[in-house]
Every structure is written in C-alpha cells, then in structure tokens.
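Please keep the structure open beside you as you read.

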Amino acid sequence: MTDGLPQPGARARAGTRRDAPGTALRSDARDNRDRILDAARALFATEGLDVPMREVARRAGVGPATLYRRFPTKERLVTEAFTDQLHTCRGIVDEGLADPDPWHGFCQVLERICVLHAGDRGFTEAFIATYPRAVDFAAERSRTMTAMHTLAARAQRAGQLRADFVLDDLILMIMANRGIRGTSTAARVAASRRFVALAVEAFRAAPGHPPLPPVGRLAFGA
C-alpha cells in the first residue's frame with residue numbers, strides 16, 4: 001500500500017527543483033552587483049564622482065532599475081565602491097607605524113597614500129567628501145587619520161619631523177595632490193612622487209626653518 005506515499009527520493013528532488021531558481025536569482029544579483037561596482041570604480045577613477053548613475057548602469061550592462069535596486073543613492077554606491085581602497089589606505093598607515101624608523105615610516109606613508117590617490121581620482125573625492133549616512137566609511141577614515149596622527153607624533157618625538165606639522169597639513173597635501181593632471185595614470189603617479197619628495201623636504205626638521213604660517217582648519221567635505 002504505497003500508492004499514496006511519496007516515492008523514496010521524491011521529496012529531495014522536489015526540494016532541489018524549488019531551490020534552484022532561488023539560487024540562480026541570488027547568483028544573478030551578486031553578478032550584477034559586482035559588475036556595477038567594477039563599472040563604478042573604473043568610471044570614478046578617470047572621471048571623478050560626477051559620473052551620472054545611468055552611465056554606470058550602461059557601463060555595467062544593467063538597467064537603471066537594477067542599479068537603483070542595489071544602490072538606491074550615489075552615496076551608497078561610492079562608499080561601497082571605495083571600501084577596499086579605504087582599507088588599503090589604513091593598511092599603509094599601519095605598516096608605517098610598524099616601521100622602526102619613525103621618519104622613514106612617515107615618508108613612506110605620505111608617498112604611498114598620495115600615489116594611491118593619484119591613480120584614482122574618484123577615491124580622493126570620496127575620501128575627502130562628507131557622507132552623513134555612511135557611518136562605517138567615515139569611522140574607518142577617522143581611524144586612519146588617528147593612526148596617521150600617531151605616526152606623525154612619533155616622527156616629531158624623534159626630532160625628524162618639524163614640530164609645527166599638524167594633521168591638517170596632510171589633508172592639504174591630499175587636496176593638492178588631487179589637482180595633479182597628466183596624460184596617463186603613470187604620468188600622474190610620477191608627478192605625485194615628485195610632489196611628495198618636495199613636501200617631505202619642507203616637513204623635515206632642520207635648523208633655521210622659519211615657522212609655518214597658521215593653517216586654516218580644513219575639514220572633509222570641502
């Protein structure tokens with residue numbers, strides 16, 4: 001009397017049929033998200049953050065509705081697109097803090113951060129922008145700047161970084177570095193390295209240096 005009972009394996013096969021469509025949808029959504037982020041990073045790197053959302057969708061090969069379903073605002077798209085770069089930036093500072101030579105660590109961090117920004121125009125704009133709802137992004141940026149303050153203080157205590165250097169000078173450097181233009185990424189990176197070399201000489205503690213003029217308080221979002 002088995003006519004009314006499911007055959008062995010039938011329940012499993014039915015479950016497989018039910019799960020497969022959902023799995024495919026999740027995979028499609030993940031692929032769409034990855035394509036959108038890749039397209040956004042590529043466009044932001046060369047064009048900055050003013051790229052229209054529709055252009056991001058076109059480059060990603062998805063419809064505007066798909067883009068806005070995944071990223072309802074440009075703020076959310078920007079912060080997710082540059083999360084990896086922000087972590088890289090923090091990692092650079094942490095490596096500088098681990099350097100036993102405070103001045104060498106400080107100089108290496110300046111160069112590597114400016115080179116990172118020179119290669120990606122969008123990241124610089126995202127880094128100095130203010131996104132009130134992007135709490136995690138702002139918190140990670142704040143931790144990076146706090147670590148940079150610690151690194152600068154070490155170099156000052158070692159007598160190698162001029163005593164009147166302040167963290168606003170780093171923000172000023174990033175803003176100035178953003179203005180570098182070149183015919184290629186390689187040209188911008190080369191110019192950025194030279195800019196940092198000049199800045200390092202200005203930051204080096206040396207007898208006879210006149211005091212720096214007061215810096216206007218700089219803020220992210222300027």
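Buried means under 20% relative accessible area, exposed means over 50%, and partly exposed lies in between (1.4 Å probe, protein chains only). In soluble globular proteins, nonpolar side chains tend to be buried together.

Before going further, a word on the source: this is a predicted model, in which local features need pLDDT of at least 70 and side-chain atom pairs count only at pLDDT 80 or more, while totals for chains, interfaces and linings use all residues. Residues are numbered from 1 along each chain as its sequence is written, and side-chain values use heavy atoms, with hydrogens and water left out.

Which residues does L110 touch, leaving aside those up to four places away in sequence? Its partners are M148, L170, M173, V196, V200 and F203, where contact means heavy atoms within 4.5 Å. Across the protein chain, 73% of the contacts between residues at least 6 apart in sequence join residues at least 24 apart.

Now for the overall build. The protein chain has ten helices and zero strands; these are DSSP runs numbered from the N terminus, with helices being H or I of at least four residues and strands being E of at least two. Of its 222 residues, 39% count as buried.

T66 sits in helix α3, which spans residues 64-70. Its relative accessible area is 17%, so T66 is buried. Not counting residues up to four places away in sequence, T66 touches N32 and I36.

Helix α1, residues 10-47, includes E47. This residue counts as partly exposed because its relative accessibility is 46%. Look across from E47 to D120: the two are 73 residues apart along the chain, yet their C-alpha atoms are separated by 9.3 Å.

Finally, the surface. The protein chain exposes about 12,500 Å², of which carbon and sulfur atoms supply 56%; accessible areas come from the Shrake-Rupley method with a 1.4 Å probe, and for residues only the protein chains shown count as cover. V215, in the segment after α10 (185-203), counts as partly exposed because its relative accessibility is 30%.
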